Amino acid sequence: MACLHDHSCEEHDCSSNWSLYQHIDISKVFALNEATPGSVKSVFKAWEDRLNTSGEHLESNEGDPELLVFIPFTSDVKIKSISIVGGAYGTSPSKMRVFINREGIDFSDAQSMQAVQEWDLVENMHGVVEYQTRYSKFQSVANITLHFPESFGGDITEIHYIGFKGEATQLKRDAVANIVYELLPNPSDHKTRAESGGGLSHIE
């Protein structure tokens, strides 16, 4: 189901307050079959900037519109909806398949594995469509992989924006790891930390 924004977005959780952009670990995002290495990072931006197409964008290699995008988060998230702004002239992706908490997926894996959910997309150049998830299946998401098998007939697939709406946990994943470490301390290391005035930091 898609959200077409024919309502008050503030009342229907469409505002930027629900954007998960700040929780994406951009440095670890990557794509398979991108024409320009690293260009995938440019499609993750603030919700308010989703229609800004003046900069770099993600584009598949000529003659092969298939794309696979891996997105890790800095904390576990719950995803309510996904938004995709694609290119013009048939280059927008026409289908999206999603895998959750699976690392190292390649094209053969994506083609043979059952997706958690998949959508037939529309050409959404104006950023007014959001694809609602089966929310119960999108809890505790550490990373998500988006598979775009084809475009709307173009020789390439072009994407200008990928956005997620939902909620994030309070603690970042590295903070959780530190807490576990403190619960089972190494005596010698703990002494060193005490002498140096170290300890846990409060995470806002």
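A: Start with one term. Buried means under 20% relative accessible area, and exposed means over 50%. Values in between count as partly exposed. Keep in mind that this is a predicted model.

Q: What counts as a salt bridge?

A: Look for a side-chain nitrogen of Lys or Arg within 4 Å of a carboxyl oxygen of Asp or Glu.

Q: How many salt bridges does a search of the whole structure find?

A: The search finds four. Let us take some of them in turn.

Q: How far apart are the closest N and O atoms of Lys 28 and Asp 25?

A: They are 3.8 Å apart, and the two residues form a salt bridge. Lys 28 has a relative accessible area of 53%, so Lys 28 is exposed. Asp 25 has 17%, so Asp 25 is buried.

Q: Which residue does Lys 95 meet in a salt bridge?

A: Lys 95 meets Asp 120, at 2.7 Å from N to O. Lys 95 lies in strand S5 and Asp 120 in strand S6, so the pair ties together parts that are 25 residues apart in sequence. Lys 95 is partly exposed, at 21%. Asp 120 is exposed, at 57%.

Q: Where do Lys 165 and Glu 130 lie in the chain?

A: Lys 165 is in strand S9, residues 158–168. Glu 130 is in strand S7, residues 130–132. Their side chains meet in a salt bridge, 2.9 Å from N to O. The pair links distant parts of the chain, 35 residues apart.

Q: Are Lys 165 and Glu 130 buried or exposed?

A: Lys 165 is buried, and Glu 130 is buried too.

Key. Residues are numbered from 1 along each chain as its sequence is written. This is a predicted model: local features need pLDDT of at least 70, side-chain atom pairs count only at pLDDT 80 or more; totals for chains, interfaces and linings use all residues. Side-chain values use heavy atoms; hydrogens and water are left out. Buried means under 20% relative accessible area, exposed over 50%, partly exposed in between (1.4 Å probe, protein chains only). Helices (H or I, at least four residues) and strands (E, at least two) are DSSP runs, numbered from the N terminus.
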